[in-house]
Structures are given as C-alpha cells and as structure tokens.
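Take a walk through this structure. Start with its rings, then follow the chain into strands and a loop.

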Amino acid sequence: MTLALPTPAEPLKIGTRGSPLALAQAHETRDRLMAAFGLPEDAFRIVVIKTTGDDSVLIAADRPLKEIGNKGLFTKEIEEALLSGGIDIAVHSMKDMPVAQPGGLILDCYLPREDVRDAFVSATATGIADLPQGARVGSSSLRRRAQLKARRPDLEVVEFRGNVQTRMKKLADGVASATFLAMAGLNRLGMAHVARSAIEPEDMLPAVAQGAIGVERRLNDPRTEAMLAALHHAPTGLRLAAERAYLAALDGSCETPIAGLALLDGSDLWLRGEILRPDGSETITGDIRGPASDGTALGRQLAADLLAQAPKDFFAWR
C-alpha cells in the first residue's frame, strides 16, 4: 500500500502546548518527519492548545498540582483534540504523561532521549551543598522537593510553577535563591548555560521518563502509525517501558514523590528507583537488572520490591 503523505493543501496537524519548550519539541518532531519523508515544512501545521495546567492565574499563584489535579492537567485538552480529529498527532514531554492513555489513543513513538539530569539553577550558589542555612528553594515537583529535604532539611522549599522563562523571572525577582529545571529542556532551548551545575543521577535520581519526548496518535490511523514508526527510537522505548511500568505499579500520578531511571547495557537493562515521604524524612531505594526485553516485568518487580520495604503508613499522607 502506498503511503498517502501530507501535503501543504492537507497538512499533518501537530498538537502541542504553547510554551517555548513545548514548541521546540513540536518543531523537532516536525523536522524529523520532514527529513524522514522528504517533505516541506508547510506539509505540517503546529496547533497550539492551551491546557488547564497552563492557566496563568494558577501558575502565578504557585498552587501545587495536587490541589488542582494531576498529570492530566497538561494533556487532557490535547488528547481531546486528538480524539476529535482536530489534530493528527500530539507531542508530549513524557515525564508529564499519565501512565495510561484514553481509549482510542496510543503512545508508541519516542524520540531519542536527551540528558536525564536535573539542572541546579541559582545566581548565588553552584550546587545544593553551597546554599546557605535556611535558604529558600523553589520547586513544584514533589520528587525534587522531597529529595531536597532529605539532603538539606534546613532549607525552606516553596512552590514554584511555570515554564522555564517564568521560573527564571521568579528567580530573578527573589522568590527563591535557587530552583531546579531539567537539563533536557535547557538543552532543547539552547539555554544550557543557565544551569550552574547538572546533578548526577547518583546524587538525585530523576523523574521517570525525564528527557524523553513522546508522540501520541489515534489507534485507527494507519498513515500516522507508519510515519511515526520511522521516527521511533527503540532504545528509548525500551527504557521507558521499564520506567513507566515501574511508575504505574507505584502510583502514576503527581501525588507521590517517585524517581526512576533505566539504562541500557547492550541487551541488558538496569533500573533504579526511589520513593520518598514528601517531607524527605524517609527514602526507600532499590535497583534491578535483567534483559531489556523484559523491561515491563522488571519495572513491576522493582516497584513491588520497594513497596515491600515501605512501612504500612508510608503513603498514608495521600
């Protein structure tokens, strides 16, 4: 069967959030499709969709995600547009994605993964250890907040929401002395210089799927399926299969501090995980190794191992 490729008259519509980083990720997806199929730029159309999580009032108020919803805050409206046919594909930061997709949609295309590390950003300190006693650090991530409190319980941690540019302005305005961003996002924006240091996973295990871009499609769209198959990066897919199975077995929402990272070593996979109490008072870590082809099973097993170590009241605060 001949693949009916998009044209300027009937472009492929790419759905995305409107932040500079989200747009950079959508442009990367478009550019890879252009290269793979020899298509002009106007055979594609970037469609910006505002999500609940992008509400400027909620961002300005720095309200915790737990109070206003969960990871679906950044995907619901985009997925509705995908299901209705308003867009043909949706480009997502995978660390923002719920572990299950709505009926009729599938996530089976991942672009090559970027740097997984967290970036430490500050005008006055080069790293966490350099922050003065009682310094204020901004973060909206439950994982980062718990990891920071576990390492430096003396620090004051405050809510800090918004895209990269918004957070940098809050930092400049003195809302906090330091914050964290993802190195992947800074790299994609050409802003790696903003990071005072990159935090190695051995010091702060990143969020599940951090640094990965996923492209979501409709199940009943064979043309899009064939086009995205040309983009899919299999090693990233293997790593995320393990990490997202691990996350799904633990929680899968934004309500629990969870970290996890899978690495490939030839045909083998090494998965590390960490769960924490929100105040950082207790952390439980573990790892597992096995064939990369068994990644989903490895993820579920590591989750079971960590849960077996956790006291019965470990998640009682939820």
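A charge sits over a ring if NZ of Lys or CZ of Arg is within 6 Å of the ring centre and within 35 degrees of the ring normal. Arginine 289 lies over the face of tryptophan 270, at 4.4 Å from the ring centre. The charged end of arginine 272 also sits over the ring of tryptophan 270, 4.1 Å from its centre.

The model is predicted: local features need pLDDT of at least 70, side-chain atom pairs count only at pLDDT 80 or more, and totals for chains, interfaces and linings use all residues. Side-chain values use heavy atoms, without hydrogens or water, and residues are numbered from 1 along each chain as its sequence is written.

The structure holds one aromatic pair (ring centres of Phe, Tyr or the six-membered ring of Trp within 6.5 Å; planes under 30 degrees apart are stacked, over 60 edge-to-face, the rest tilted). Phenylalanine 120 and phenylalanine 180 form it edge-to-face, 6.0 Å centre to centre, with 65° between the planes. Phenylalanine 120 is in strand β5 (residues 118-122) and phenylalanine 180 in strand β8 (residues 178-182), 60 residues apart. Strands are DSSP runs of E, at least two residues, and helices runs of H or I, at least four, numbered from the N terminus.

Now the loop between α7 (183-188) and β9 (197-199), where valine 194 lies. Valine 194 counts as buried because its relative accessibility is 13%. Beyond its neighbours within four places in sequence, valine 194 is in contact (heavy atoms within 4.5 Å) with Val121, Met168 and Leu186.

Note on methods. Buried means under 20% relative accessible area, exposed over 50%, partly exposed in between (1.4 Å probe, protein chains only).
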